[in-house]
Amino acid sequence: MDLTGKLLIAMPGMGDPRFEHAVVAVCAHSPEGAMGVIVNKPLPTPGLSDLLTQLGIPVTASDRPERAPILFGGPVETGRGFVLHSRDWTGQGPAMEVMPEMAMTATRDILEDIAQGRGPDRALLALGYAGWGPGQLEAEILSNGWLIADGDAEIVLGADHATKWTRALATMGVDPRTLSAAAGHA
């Protein structure tokens with residue numbers, strides 16, 4: 001089963017504090033492995049304005065991007081940025097379709113356009129990503145590490161990061177108080 005475009009919702013008892021209550025947008029999944037971005041863990045610093053300054057990108061947009069937090073996208077390549085965004089933006093570089101209403105771009109031009117007020121209507125910037133080798137994600141799912149929900153751009157691109165885990169569970173009709181860290185297999 002191809003999980004591209006799905007949401008992974010961390011189960012209680014995940015064991016890795018980096019993924020506690022995480023919601024991951026799966027950006028690519030194949031027999032060679034999987035890649036996703038955690039979409040609900042804002043970093044305390046840097047903010048988007050600080051990052052743009054560090055990259056030498058001048059900000060001229062009237063809607064100042066400093067309000068936008070940068071998220072911890074995962075423990076792999078934490079110095080690399082990924083932008084999940086609405087499909088209304090097309091840049092010079094390639095954008096990877098994640099779901100019909102959302103894409104991922106990892107090129108500088110999207111940051112330049114955001115700074116100039118020409119970026120996508122909705123965007124989320126993350127540093128790092130979550131990666132799994134062949135069969136690793138499937139094994140974590142079988143051992144009760146993750147629930148799988150349909151992709152939901154409203155949850156992924158929404159600004160209320162604190163409620164994304166609960167809201168993602170609600171799309172499946174799951175009350176977080178009913179979850180157990182123990183796996184059962186029939």
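Strand 3 (residues 33–38) is largely enclosed by the rest of the structure, because 6 of its 6 residues are buried (under 20% relative accessible area, with a 1.4 Å probe and protein chains only). Gly33, Met35 and Val37 on one side are buried, as are Ala34, Gly36 and Ile38 on the other. Strands (E, at least two residues) and helices (H or I, at least four) are DSSP runs, numbered from the N terminus.

This is a predicted model in which local features need pLDDT of at least 70 and side-chain atom pairs count only at pLDDT 80 or more, while totals for chains, interfaces and linings use all residues. Residues are numbered from 1 along each chain as its sequence is written, and side-chain values use heavy atoms, leaving out hydrogens and water.

A hairpin of 2 residues connects strand 2 to strand 3.

Val37 is also among the residues that touch the most other members of the largest nonpolar core, which has 28 residues. Such a core is a set of buried Ala, Val, Leu, Ile, Met, Phe, Trp, Tyr and Cys residues joined through side-chain atoms within 4.5 Å. Helix 4 (residues 153–157) supplies the largest share of this core, 4 residues. A second, separate core of 14 residues includes Trp132.

Definitions and conventions:
Buried means under 20% relative accessible area, exposed over 50%, partly exposed in between (1.4 Å probe, protein chains only). Two strands pair if DSSP finds at least two bridges between them.
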